Amino acid sequence: MSDTLTVQTHAARDSLRIPPPMAMLAELTHRCPLACPYCSNPIELTRGNEELSTEEWIGVFRQAAALGVLHLHLSGGEPAARRDLVELTQAAASLGLYTNLITSGVGLTEARIGSLADAGLEHVQLSIQGVSPEGADRISGYKGGYERKIAVAGWTTDAGIPLTLNAVCHRQNMSEIDAMIDLAIRLKARRIEVATVQFHGWAERNKAALMPTREQVERASETVTKAREKYKGVLVIDYVPADYYSSYPKACMGGWGRVGLNVTPSGRVLPCHAAETIPSLSFETVRDCSLAEIWYESDAFNAYRGEDWMPEPCRSCERKKVDFGGCRCQAMALAGNARATDPVCIRSPLREHLTRETERLSATASTDLVYRGR
Ligand code: SF4
Ligand code: FES
């Protein structure tokens with residue numbers, strides 16, 4: 001980072017009293033061999049020839065480290081589709097960034113994982129779609145994917161890289177949570193993250209086939225509670241429950257523009273992965289502006305910072321510092337207004353309608369899935 005940029009960064013931070021970001025999600029590419037029906041990436045994906053080059057990504061990592069970012073999540077699409085993944089990892093690690101690879105496993109070999117370990121990769125999050133080859137491959141739309149993931153898990157732990165399994169759960173695999181946790185133990189993972197499906201991006205098209213039932217959600221919570229007791233000290237189990245069956249929304253992204261930022265494959269900088277669904281916002285790219293200018297000064301990042309933008313009932317609610325009014329993208333999708341109180345909140349005027357709609361969708365008989373490009 002140039003001295004000029006460092007001075008600008010500090011000046012902006014001091015004038016706005018905005019803390020620096022802690023985490024950055026680098027969506028290295030949208031290319032992906034899988035076709036998960038719950039994919040939260042946009043309907044229109046960034047093409048390979050629009051992606052940032054190796055040098056551009058390294059420049060972004062350098063700016064991120066200078067800005068205060070500590071954790072770098074290398075994601076996609078499938079980040080292993082980038083031939084320069086090892087080079088990018090090495091550059092990030094040499095800048096002192098903690099590097100976490102979020103991967104489907106497809107495209108990784110034992111040799112490549114060894115190179116990533118040598119490059120300084122500190123953690124791998126490996127997605128799983130189910131606990132049987134047939135079931136998991138049907139969901140991911142990729143034959144042979146399950147077997148590859150099992151192999152990748154072994155190569156990762158053999159290389160000494162801590163492993164987390166990421167499992168998105170939905171109506172068609174929620175009965176397998178117990179078995180997913182057992183699989184995590186067998187694969188020597190240190191952590192499993194079981195997250196209930198969210199309906200951003202492509203996932204919206206599969207809402208009826210994926211929406212869990214209330215009974216499934218309640219059973220999932222009990223399963224997780226028992227498993228946490230059983231595997232205490234052995235496996236960390238993170239569970240993200242379905243907020244459409246909860247009373248209050250989650251603090252999405254830890255609050256808009258508070259904790260982290262996302263960089264898309266072509267370099268647009270977003271406060272969250274679904275932010276482009278909010279039509280009133282426009283987003284700068286790292287090709288035009290510095291990361292510091294975007295974080296501290298851009299209209300998009302400042303749109304929902306603080307509390308001034310909040311409508312009632314959030315504005316006078318005691319939970320506004322807990323959940324920050326919920327998810328702006330969910331408010332956009334469900335209320336048609338990104339400033340609205342997140343409709344999953346029991347204090348939202350839309351909550352009753354949402355509950356009826358959730359129950360209607362979860363009772364849909366169809367399990368047909370819509371895959372990208374098919
Ligand atoms: Fe959160 Fe707003 Fe609901 Fe209060 S009213 S709990 S701040 S979403
Ligand atoms: Fe955008 Fe929640 S996904 S704020």
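User: How do the residues of the shell around ligand 1 divide?
Analyst: In this predicted model, they split into 6 nonpolar, 3 polar and 5 charged. Here Ala, Val, Leu, Ile, Met, Phe, Trp, Tyr, Cys and Pro count as nonpolar, Asp, Glu, Lys and Arg as charged, and the others, Gly among them, as polar.
User: Which of the 14 residues around ligand 1 come nearest?
Analyst: Cys314, Cys317, Arg319, Lys320 and Cys345. A residue is near the ligand if its C-beta atom, placed from the backbone, lies within 6 Å of it.
User: What about numbering and cut-offs?
Analyst: Residues are numbered from 1 along each chain as its sequence is written, with chains lettered from A and ligands numbered from 1 in the order in which they are written. As this is a predicted model, local features need pLDDT of at least 70 and side-chain atom pairs count only at pLDDT 80 or more, while totals for chains, interfaces and linings use all residues.
User: What does the pLDDT average?
Analyst: The average is 93, and 95% of the residues score at least 70; pLDDT is the predictor's confidence in each residue, from 0 to 100. Over residues 1-5 it stays under 50. Where pLDDT is low, the predicted coordinates should not be read in detail.
User: New topic: where does glycine 141 lie?
Analyst: In the loop between helix H5 (133-140) and helix H6 (145-158). Helices (H or I, at least four residues) and strands (E, at least two) are DSSP runs, numbered from the N terminus. Glycine 141 has a positive phi, near 70°.
User: Why does glycine 141 count as partly exposed?
Analyst: Because it has 19 C-beta neighbours inside 10 Å. Buried takes 20 or more other C-beta atoms within 10 Å, exposed 12 or fewer, and partly exposed is in between, with C-beta atoms placed from the backbone.
User: And what is glycine 141 in contact with?
Analyst: Leaving aside neighbours within four places in sequence, Leu34, Ala35 and Tyr371. Contact means C-beta atoms, placed from the backbone, within 7 Å.
User: Back up to H5. Which residues are buried there?
Analyst: Ala136, Ile139 and Ser140. Down the axis of H5 they fall within an arc of 95°, so they line one face of the helix; the arc is that of the directions from the helix axis to the C-beta atoms. Strand S4 (123-128) and H6 are among what covers them.
User: What follows H7?
Analyst: Just after H7, lysine 188 takes a positive phi of about 65°.

Key: Two residues are in contact if their C-beta atoms, placed from the backbone, lie within 7 Å.
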